[in-house]
Amino acid sequence: MGKKKKRASSKMWCYYCDREFEDEKILVQHQKAKHFKCHVCHKKLSTAGGMVIHVLQVHKETVNKVPNAKPGRESTDIEIYGMQGIPPDILAAHYGEDDEDAPSKVAKVDIPPTQTVGGVVPGSLGVGYPPQSTFGMMQSVYVVL
């Protein structure tokens, strides 16, 4: 058997400028340096949203678009870090797939609704259920004063 051939477009790529990278770590460094860098103090932030908040709070200015981005992709509303957060339709278009195929590539996690962690359903943003019986359970050793 021969070596598996990799697809040419299976590399990591920047949502904002379509530049390709061998490694996601290098992609993140690129995004911090080219797209998420503060124009005032040159601080490198991790996301466009982080850059907007930094510039607003520290420099009292507003940033409306991501620097050095292609037209149509300069929105600061989408949270992108590396390859995470890229809209499925853009991913499908980049890899030459139909829009219908893109959602099937996304991993799905099913959590039964009755499964709770500490009386809270995971992912429910803190919406809890009535306290469960603590009979037979170990009490906390911490005392809140």
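The model is predicted, so local features need pLDDT of at least 70 and side-chain atom pairs count only at pLDDT 80 or more, while totals for chains, interfaces and linings use all residues. Residues are numbered from 1 along each chain as its sequence is written, and side-chain values use heavy atoms, with hydrogens and water left out.

**Overall layout**

- The chain has three helices and two strands; here helices (H or I, at least four residues) and strands (E, at least two) are DSSP runs, numbered from the N terminus.
- Starting at the N terminus, the order of the elements is β-β-α-α-α.
- Of the 145 residues in the chain, 23% are buried. Buried means under 20% relative accessible area, exposed means over 50%, and partly exposed lies in between, using a 1.4 Å probe and protein chains only.
- Accessible areas come from the Shrake-Rupley method with a 1.4 Å probe, and for residues only the protein chains shown count as cover.
- If you take the contacts between residues at least 6 apart in sequence, 39% of them join residues at least 24 apart. A contact means heavy atoms within 4.5 Å.

**Salt bridges**

- Side chains of opposite charge can pair when their charged atoms come close.
- In this structure there are three salt bridges, each being a side-chain nitrogen of Lys or Arg within 4 Å of a carboxyl oxygen of Asp or Glu.
- One of them joins K11 and E22, whose closest N and O atoms are 3.2 Å apart. This pair links distant parts of the chain, with K11 in the segment before strand 1 and E22 in the loop between strand 2 and helix 1, eleven residues apart.
- K11 is partly exposed, because its relative accessible area is 34%, whereas E22 counts as exposed at 65%.
- Another salt bridge brings together the side chains of D18 and K70, at 2.6 Å from N to O. D18 sits in the loop between strand 1 and strand 2 and K70 in the loop between helix 2 and helix 3, so the pair ties together parts that are 52 residues apart in sequence.
- R73 also forms a salt bridge with D18, and here the closest N and O atoms are 2.8 Å apart. This pair, too, links distant parts of the chain, since R73 and D18 are 55 residues apart.
- Put together, D18, K70 and R73 are linked in a network of salt bridges.

**A closer look at the network residues**

- D18 is partly exposed, because its relative accessible area is 25%.
- The backbone of D18 has a phi near 65 degrees, a positive value in a residue other than glycine.
- K70 is partly exposed as well, with a relative accessible area of 35%.
- R73 lies in the loop between helix 2 (48-59) and helix 3 (88-94). With a relative accessible area of 16%, R73 is buried.
- Which residues does R73 contact, leaving aside its neighbours within four places in sequence? They are W13, Y15, Y16, D18 and I90.

- H30 is found in helix 1, which covers residues 24-34. H30 counts as buried because its relative accessibility is 9%.
- Leaving aside neighbours within four places in sequence, H30 is in contact with C14, C17, R19, F21 and H35.
- H42 is in the loop between helix 1 and helix 2, and at 49% relative accessibility H42 counts as partly exposed.
- Although H42 is not a glycine, its phi is positive, at about 65 degrees.

- R19, K34, K37 and K44 form a positive surface patch.
- Patches are made of residues with over 30% relative accessible area and no salt bridge; like charges are joined within 9 Å, and nonpolar side chains (Val, Leu, Ile, Met, Phe, Trp, Tyr) within 5 Å.
- Lys and Arg count as positive and Asp and Glu as negative, while His and the chain ends are not counted. The place of a charge is taken as NZ of Lys, CZ of Arg, CG of Asp or CD of Glu.
- Where in the chain is R19? R19 is in the loop between strand 1 (12-13) and strand 2 (20-21).
- R19 is partly exposed, because its relative accessible area is 47%.
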